[in-house]
Amino acid sequence: MTDISDHRLSTKLQTRLRDSLGFTLIELLVVIAIIAILAAILFPVFAQARAKARQAACMSNLKQQGTAMAMYMLDADGLLPDRRDLKLSLPGGYRPWTSWPPSDPRIAWASVVLQPYIKNYDIFLCPGIGNSSLGGAVQVQQALDPGPSSPRTNYWMWRFDRPTDPIPLDNLWGKMDEQAVSDLQAAKNPQAGFPEGVADVEMVVDPYFPRTIPSVSADLKGK
C-alpha cells in the first residue's frame with residue numbers, strides 16, 4: 001500500500017514539475033501574439049532608422065563629391081571638367097539604351113576625373129539603390145573598365161549628360177561658375193530650372209524614372 005501511495009505521489013510531482021517547466025497552448029499563443037504586436041510596432045521604427053542611415057550615407061557621398069569637384073576646379077583655374085571623351089569611351093559607350101532617358105547622365109566619367117581627390121570609389125555608389133533593380137539598370141550603373149571587378153557608379157549628373165559640340169547651354173562642360181549660371185538661365189530648360197546663383201545649380205542626383213514616361217519599363221517606373 002505504501003509503495004502505491006509513493007508511486008502516485010511521485011507521478012503527481014513529475015506532472016507538476018513538467019507543467020511548471022512547459023507552456024500550455026494558450027500561453028504559447030499569448031507569447032506569439034505579444035511578439036507579433038512588438039514586431040508590428042518596431043518594424044516601422046527599424047525601417048525608418050535604416051532609411052535615415054542610408055540618407056546620411058548618401059549625403060556624405062554627395063558632400064565628398066562636391067568637395068572633390070571644388071578641389072579639381074581650384075587646380076583647373078576655376079573651370080569645371082570637360083571630359084566628353086570619357087562620356088563616349090567608357091564601357092558601353094554613350095547611352096547604350098534606346099528608351100528613356102534621351103541622354104546619358106551616368107557619372108562614371110566624374111569618378112575617373114576626380115579620382116586624385118577621393119579616398120575610394122564608394123562615394124559614387126548610392127547606398128539606397130545598390131542591390132535593387134534600379135541600381136542595376138543599364139541607364140544607372142556604369143563601370144570604369146570592362147573587368148568584372150571594376151568599380152561602378154550609379155548616381156546621375158544631368159548637366160553633364162551630352163557630349164555634343166558645341167556644348168549645350170544646359171551642360172556645364174569646361175565652364176566657370178558664372179558662365180554655368182548664365183547659360184542655364186539662357187537655356188530656359190524647365191528640368192534645370194532658373195538658378196539665381198551657383199548654389200541653385202544641381203550637380204548630382206539619385207536616379208529616378210517617372211511613371212509618366214511610356215518608354216520606362218514597368219519594373220523601373222516610379223523608382
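Visitor: Why is aspartate 85 called partly exposed?

Guide: In this predicted model, aspartate 85 has a relative accessible area of 41%, and because partly exposed covers the range between the 20% limit for buried and the 50% limit for exposed, aspartate 85 belongs to that middle class.

Visitor: What makes the meeting of aspartate 85 and arginine 83 a salt bridge?

Guide: Their side chains come to 2.9 Å, counted from N to O, and since a salt bridge requires a side-chain nitrogen of Lys or Arg within 4 Å of a carboxyl oxygen of Asp or Glu, the pair of aspartate 85 and arginine 83 qualifies. Arginine 83 is itself partly exposed, with a relative accessible area of 30%. The structure holds 7 salt bridges.

Visitor: How do you know that arginine 84 and aspartate 165 also form a salt bridge?

Guide: The side chains of arginine 84 and aspartate 165 meet at 3.7 Å, N to O, a value that still falls within the 4 Å cut-off.

Visitor: What are the closest N and O atoms of arginine 106 and aspartate 104 said to show?

Guide: They lie 2.9 Å apart, and arginine 106 forms a salt bridge with aspartate 104. Both of these residues are buried.

Visitor: What makes tryptophan 109 and tryptophan 173 an aromatic pair, and why is the pair called tilted?

Guide: The structure holds 9 aromatic pairs, and in this one the rings are 4.8 Å apart, centre to centre, with 55 degrees between the planes. Because ring centres within 6.5 Å make a pair, and because planes under 30 degrees apart would be stacked and those over 60 would be edge-to-face, the arrangement of tryptophan 109 and tryptophan 173 is tilted. Tryptophan 109 is part of helix H4 (residues 108–113) and tryptophan 173 is part of the loop between strand S2 (152–153) and helix H5 (177–187), so the pair connects parts that are 64 residues apart in sequence. Both tryptophan 109 and tryptophan 173 are buried. Elsewhere, ring pairs link Trp100, Trp156, Trp158 and Phe209 into a cluster.

Visitor: Why does isoleucine 37 count as exposed?

Guide: Isoleucine 37 has 51% relative accessibility, and because exposed means over 50%, isoleucine 37 is placed in that class. Isoleucine 37 lies in helix H2 (residues 25–75) and is one of the residues that make a nonpolar surface patch of about 1,000 Å², with others including Leu25, Leu38 and Leu42.

Visitor: What makes the link between asparagine 189 and aspartate 170 a polar contact?

Guide: The side chains of asparagine 189 and aspartate 170 are joined at 2.8 Å, and since the cut-off for a polar contact is 3.5 Å between N or O atoms, this link is a polar contact. The side chain of asparagine 189 also reaches the backbone nitrogen of glutamine 191 at 2.8 Å. Asparagine 189 is found in the segment after H5, and at 14% relative accessibility it counts as buried.

Visitor: How do you know that lysine 188 is exposed, and what is noted about its phi?

Guide: Lysine 188 has 69% relative accessibility and counts as exposed, because values over 50% belong to that class. Its phi is near 50 degrees, a positive value in a residue other than glycine. Aspartate 77, in the loop between H2 and H3, likewise has a positive phi, near 55 degrees.

Visitor: Where are cis peptide bonds found?

Guide: The bond from tryptophan 100 to proline 101 is cis, with omega near 0 degrees, and proline 101 is placed in the loop between H3 and H4. A cis peptide bond also joins aspartate 165 and proline 166, where omega is about 5 degrees.

Definitions and conventions: Residues numbered from 1 in each chain as written. Predicted model: local features only at pLDDT ≥ 70, side-chain atom pairs only at ≥ 80, totals over all residues. Heavy atoms only, no water. Phe/Tyr/Trp six-rings, centres within 6.5 Å; stacked < 30°, edge-to-face > 60°. Helix = DSSP H or I, 4+ residues; strand = E, 2+ residues; numbered from the N terminus. Buried < 20%, exposed > 50% of the residue type's maximum accessible area, 1.4 Å probe, protein only. Patch = residues over 30% accessible without salt bridge, like charges linked within 9 Å, V, L, I, M, F, W, Y side chains within 5 Å. Areas by Shrake-Rupley, 256 points an atom, 1.4 Å probe, with all protein chains shown as cover. Polar contact = N/O pair within 3.5 Å; in protein donor to acceptor, adjacent residues only side chain to side chain.
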